[in-house]
Structures are given as structure tokens and as C-alpha cells.
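Here is a short briefing on one protein chain. Look at the sequence and the model first, then read the points below.

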Amino acid sequence: MRITDIVATTVTVPLEAPLRHSNGAHWGRFVRTIVQVHTDEGIVGLGEMGVAARAPNRPLRH
């Protein structure tokens with residue numbers, strides 16, 4: 001089995017009320033990225049990513 005394609009789709013869901021969590025509250029929209037991984041055998045895997053806690057151009061610290 002080999003990966004033939006990866007598709008990332010960002011979705012934004014507007015919130016009618018603040019969504020509170022341990023770090024505070026969302027700013028009015030719930031943003032997620034849905035990732036689809038396609039294989040040569042016709043299998044499609046799905047995943048979800050939230051907003052990163054770091055800037056995209058900054059390297060991770062180990």
C-alpha cells in the first residue's frame with residue numbers, strides 16, 4: 001500500500017457564543033484542518049488538526 005494523495009481542507013465554524021477552555025476562549029470562530037490521506041488500494045484515512053501553538057516559521061524546541 002502506498003500513499004497517492006494528501007488533501008488538507010481548512011474549515012471555519014462561526015460560534016454564536018464564546019467557546020471556553022482551559023487557555024481562555026476562542027475568538028469567535030472554531031478553525032480546524034481536515035486531512036485526507038488516499039492510498040493506491042482505495043483506502044482513505046481522515047485526521048483533524050487544530051491551530052498550532054507556535055508560529056509556522058519557528059522551529060520546534062527539543
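Of the 62 residues of the protein chain, what percentage count as buried? The figure is 8%, where buried means under 20% relative accessible area, exposed over 50%, and partly exposed in between (1.4 Å probe, protein chains only). This is a predicted model: local features need pLDDT of at least 70, side-chain atom pairs count only at pLDDT 80 or more, and totals for chains, interfaces and linings use all residues. Residues are numbered from 1 along each chain as its sequence is written, and side-chain values use heavy atoms, with hydrogens and water left out.

**Confidence**
- The mean pLDDT of the protein chain is 80, and 77% of the residues score at least 70. pLDDT is the predictor's confidence in each residue, from 0 to 100.
- Confidence is highest in β5, at a mean of 93. It is lowest in strand β3 (residues 24–25), at 72.

**Overall make-up**
- The protein chain has 5 strands and 0 helices. Both are DSSP runs numbered from the N terminus: helices are H or I with at least four residues, strands are E with at least two.
- From the N terminus on, the order of elements is β-β-β-β-β.
- Among contacts with a separation of 6 or more, 38% join residues 24 or more positions apart. Contact means heavy atoms within 4.5 Å.

**The sheet**
- Three strands form an open sheet in the order β1-β4-β5, with antiparallel pairing. Two strands pair if DSSP finds at least two bridges between them.
- β1 (3–14) and β5 (44–49) each have a single partner strand, so they stand at the edges, and one side of each is left without a neighbour in the sheet.
- Neighbouring strands of this sheet are turned by 20 degrees against each other on average, direction ignored. Axes are lines fitted to C-alpha atoms, for helices over the stretch in contact, and angles run from 0 to 180 degrees between N-to-C directions.

**Strand pairs**
- β1 and β4 are antiparallel, with 11 bridges. Ile3 has Thr39 of β4 as its bridge partner.
- β4 and β5 are also antiparallel. This pair has 6 bridges.
- Val35 is bridged to Gly47 in β5. Thr33 stands opposite Met49 in β5.
- The hairpin of β4 and β5 has 4 residues between the strands. In this hairpin, Gly42 takes a positive phi near 85 degrees.

- Arg32 lies in strand β4 (residues 29–39). Its relative accessibility is 19%, so Arg32 counts as buried.
- The side chain of Arg32 makes a polar contact with the side chain of Glu48, at 3.2 Å. A polar contact is a pair of N or O atoms within 3.5 Å; within protein, one must be able to donate a hydrogen and the other to accept it, and residues adjacent in sequence count only if both atoms are side-chain atoms.
- Thr39 is also in strand β4. Thr39 is buried because its relative accessible area is 13%.
- Not counting residues up to four places away in sequence, Thr39 touches Met1, Arg2, Ile3 and Thr4.
- Thr39 and Ile6 are 33 residues apart in sequence. Their C-alpha atoms are 9.1 Å apart in space.
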